[in-house]
Structure formats: structure tokens, C-alpha cells
Amino acid sequence: MRSRRSLLLGPARLCLRLLLLLGYRRRCPPLLRNLVLRWRYGKVCLRSLLYNSFGGSDTVIDSAFEPVYWLVDNVIRWFGVVFVALVIVLTSSIVAIAYLCVLPLILHTYSVPRICWHFVYSHWNLILIVFHYYQAITTPPGYPPQAKTDLATVSICKKCIYPKPARTHHCSICNRCVLKMDHHCPWLNNCVGHYNHRYFFSFCFFMTLGCVYCSFGSWDMFREAYAALETYHQTPPPAFSFRERMTHKSLVYLWFLCSSVALALGALTVWHAVLISRGETSIERHINKKERHRLSSKGKVFRNPYNYGCLDNWKVFLGVNTRRHWLTRVLLPSSHLPYGNGMTWDPPPYVITPPDSVLAV
């Protein structure tokens with residue numbers, strides 16, 4: 001069979017080679033020369049399409065789901081403003097109920113020292129929530145320079161075709177690379193990166209505290225309001241005024257909304273706190289997990305080069321250099337910049353524990 005194939009294909013290959021050789025001669029007709037050049041160009045294009053050192057099953061799946069990714073990215077991009085408006089409306093509704101419904105009840109039942117404590121704590125918590133949410137929305141996360149620089153880069157972005165520094169990743173929703181990207185948050189309509197990561201986490205933390213405070217503080221009022229709601233369908237109906245009915249429904253709405261947000265946002269806050277304690281972002285967590293499994297199969301141990309220890313990681317993240325900064329930069333509104341420029345990651349001078357090496361046997 002092989003000898004027959006060679007006998008049949010031999011003359012065809014010989015004719016093709018003759019045509020290719022004739023294609024380079026000046027005496028060859030222009031039509032034949034163009035045909036040979038187009039044949040060679042077609043072969044190069046076909047090989048470039050079929051061969052790719054980065055190709056594989058993941059590339060095929062990503063290409064197949066590219067329309068789905070495009071749809072999700074555009075939906076999140078356009079609905080980001082709606083999500084931000086929803087956060088503002090829901091938060092404003094809770095504040096309005098606290099002033100119109102809860103505050104009159106507190107003034108008639110609580111003692112003066114207890115009223116003063118609630119007044120100071122609630123307004124301190126509200127100021128921190130509003131400040132950090134505004135800063136997280138309006139502060140750009142940080143973008144790598146697109147001009148030529150002498151900064152060390154680890155790779156080239158396949159989407160932007162620009163040098164990509166360490167810890168930088170491409171956001172398909174913002175359509176650009178982000179320094180120390182954690183994720184794109186639709187509730188902020190912004191990426192969470194190097195310059196607004198602290199604002200995002202502080203907003204989640206203080207919003208969780210505020211929701212827990214409202215849930216526990218209004219528990220007795222919620223029980224009374226819920227018991228009153230159950231009597232609305234009795235015959236004869238209870239003699240509640242319109243204001244009292246609205247107060248009952250508002251207290252039930254406040255407790256359910258604050259409790260649900262406290263559970264959901266509290267879980268997210270704990271998750272990010274664990275990542276910060278490890279010196280990781282959400283994206284780096286998945287990358288480091290794969291790298292840890294790859295090195296463990298070779299008998300090696302992975303060490304995160306950006307992990308300075310739990311306490312030092314929090315100091316770097318919060319920008320705490322002295323003890324006074326725990327008050328002025330954590331417990332009070334502060335717009336100080338994070339350490340570094342987001343492109344080079346030398347350990348700060350106040351970090352005691354040096355980072356471990358990436359690989360250790």
C-alpha cells in the first residue's frame with residue numbers, strides 16, 4: 001500500500017516542486033508566479049492558525065464562550081450605575097427609617113447616657129460608610145503606564161499588548177490592565193485595585209458593622225412591630241393609625257434588610273480579610289493555589305513573595321506606620337495613599353519580617 005501511494009504521490013510532489021522552483025525565476029509567467037506566492041502565503045497562514053504555543057483545550061473553550069463573556073461584561077458595565085444607585089437608595093432608606101421611626105422610640109425609652117452612646121456610634125459609623133464608599137467609587141484603581149519605561153515587567157498583556165508589571169491583570173469590563181487587581185465590583189462600578197483596595201474593604205467592614213448594629217439594636221422593636229403586623233387581619237382590625245402602620249412595616253423592613261446584608265456582606269468581608277492576612281488578592285489566590293499544587297507534585301513548597309506575616313500584611317494594606325495611624329488612618333476617615341506605586345513591590349521599611357523566597361525545597 002505504501003509503495004502504491006508513493007508511486008501516485010511522487011509525480012504530484014515533483015510537479016509541485018518544479019512549479020515552486022519556477023516561481024522564483026524571472027522568466028516565469030506572472031500568473032504562475034502569483035499562484036506560487038499565494039500558495040506559499042496560504043501555507044504560512046494555515047500553519048499560523050493551526051500552531052500556537054499557548055493553544056490548548058482552555059483556549060478553545062475561551063474562544064467558544066467569548067460571546068457569553070462579551071454579553072456578561074457589557075451587562076455589568078451598563079448596569080454598574082444601577083447597582084450604585086441601588087446601594088445609595090437602600091442605605092438612604094435605612095438612615096431615613098432610623099431618624100423617622102427608631103429615633104423617636106429611643107428618645108422615649110432609653111436613658112440619656114445610652115442615647116448619647118447610640119448617637120455618637122451611629123453617626124461615626126455612618127460617616128465612615130459614606131466616606132469609604134465615595135472614595136472607592138471615585139478613586140481609580142491604578143493603571144500601568146503605556147509608554148516605554150525602565151520598570152521591570154513580568155509579561156505582556158494579550159489584550160492590551162502592553163507590558164504588564166507584577167500583580168497586574170487585565171479587566172475585560174474596564175478593557176484595560178489594573179495594578180494589583182482584586183476584582184471588578186459592580187456595586188462600585190469600578191475595579192478594585194492598588195489605590196482603592198483599602199477603601200473597598202473598609203466600606204465592606206463598616207457597612208457590616210452598621211448592619212449588625214441596626215439588627216441587634218432594633219431587635220426588640222422588630223419583635224413588637226412583627227407581632228403588630230400579625231394582628232392586621234383580625235376581626236375587628238386593631239385601631240392603628242397610618243403612622244403606626246408605616247412604622248411597623250418600616251421596622252420589619254429595616255431588620256430584614258440589615259440582617260440579610262450583614263450575613264452576605266459579612267461573609268465577603270471575612271473572605272477578603274483572610275486574603276489580606278495572607279498577602280493575596282482574589283485573583284492571586286487562584287494563581288497561587290495552582291502554583292502550590294504544581295510545586296508540591298515536584299516535592300517543593302510554594303512561598304508567596306508578598307506575604308510579610310499577618311500583622312505586617314495588615315500594616316502594609318492599611319498604610320499603618322506608627323501606632324497613631326491606627327486611630328487617624330483606620331478609625332477615622334483618611335485619604336492617604338497606599339505604600340508603593342503598584343508596579344514595584346519592595347517591602348516597606350517598617351516591615352520586620354522579610355518575605356520568604358518563592359521556591360523552597
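Tutor: Glu-291 and Arg-294 form a salt bridge, with their closest N and O atoms 2.4 Å apart. The structure discussed here is a predicted model. The two partners are about one helical turn from each other, because they stand three residues apart in helix H9. Glu-291 is partly exposed, since its relative accessible area is 25%. Arg-294 also counts as partly exposed, at 37%.

This pair belongs to a total of two salt bridges. The other one joins the side chains of Arg-167 and Glu-284, with an N to O distance of 2.6 Å. It connects distant parts of the chain: Glu-284 lies in helix H9, which covers residues 282-296, whereas Arg-167 lies in the loop between strand S2 (163-164) and strand S3 (169-171), 117 residues away. Both members of this pair, Arg-167 and Glu-284, are buried.

The cysteines come next. The count of disulfides is zero. Cys-177 takes part in none, and the nearest cysteine sulfur, which belongs to Cys-157, is 3.4 Å away. With a relative accessible area of 6%, Cys-177 is buried. For Cys-191, the closest cysteine sulfur is that of Cys-171, and the separation of 3.2 Å is too far for a bond. The cut-off matters to this reasoning, because a disulfide requires two cysteine sulfur atoms within 2.5 Å. Cys-191 is buried as well, with a relative accessible area of 0%.

Helix H4 covers residues 66-109 and includes Trp-70. Trp-70 counts as exposed because its relative accessibility is 56%. Together with Leu-71, Val-75, Trp-78, Phe-79 and Val-82, Trp-70 makes a nonpolar surface patch of about 690 Å².

Thr-91 is found in helix H4 too. At 22% relative accessibility, Thr-91 is classed as partly exposed. The side chain of Thr-91 reaches the backbone oxygen of Val-87 at a distance of 2.8 Å. Thr-91 and Ile-129 are 38 residues apart along the chain, and 9.7 Å separates their C-alpha atoms.

In an unreviewed entry, UniProt places the feature "transmembrane region" at residues 75-103, 115-134, 199-216 and 251-274. In the model, the span 115-134 is 100% helix and 0% strand, and its end C-alpha atoms lie 28 Å apart. The span 251-274 is likewise 100% helix and 0% strand, with 34 Å between its end C-alpha atoms.

Key
Residues numbered from 1 in each chain as written. Predicted model: local features only at pLDDT ≥ 70, side-chain atom pairs only at ≥ 80, totals over all residues. Heavy atoms only, no water. Patch = residues over 30% accessible without salt bridge, like charges linked within 9 Å, V, L, I, M, F, W, Y side chains within 5 Å. Areas by Shrake-Rupley, 256 points an atom, 1.4 Å probe, with all protein chains shown as cover. Salt bridge = Lys/Arg side-chain N within 4 Å of Asp/Glu carboxyl O. Helix = DSSP H or I, 4+ residues; strand = E, 2+ residues; numbered from the N terminus. Buried < 20%, exposed > 50% of the residue type's maximum accessible area, 1.4 Å probe, protein only. Polar contact = N/O pair within 3.5 Å; in protein donor to acceptor, adjacent residues only side chain to side chain. UniProt positions renumbered as here; feature names shortened; annotations may be inferred.
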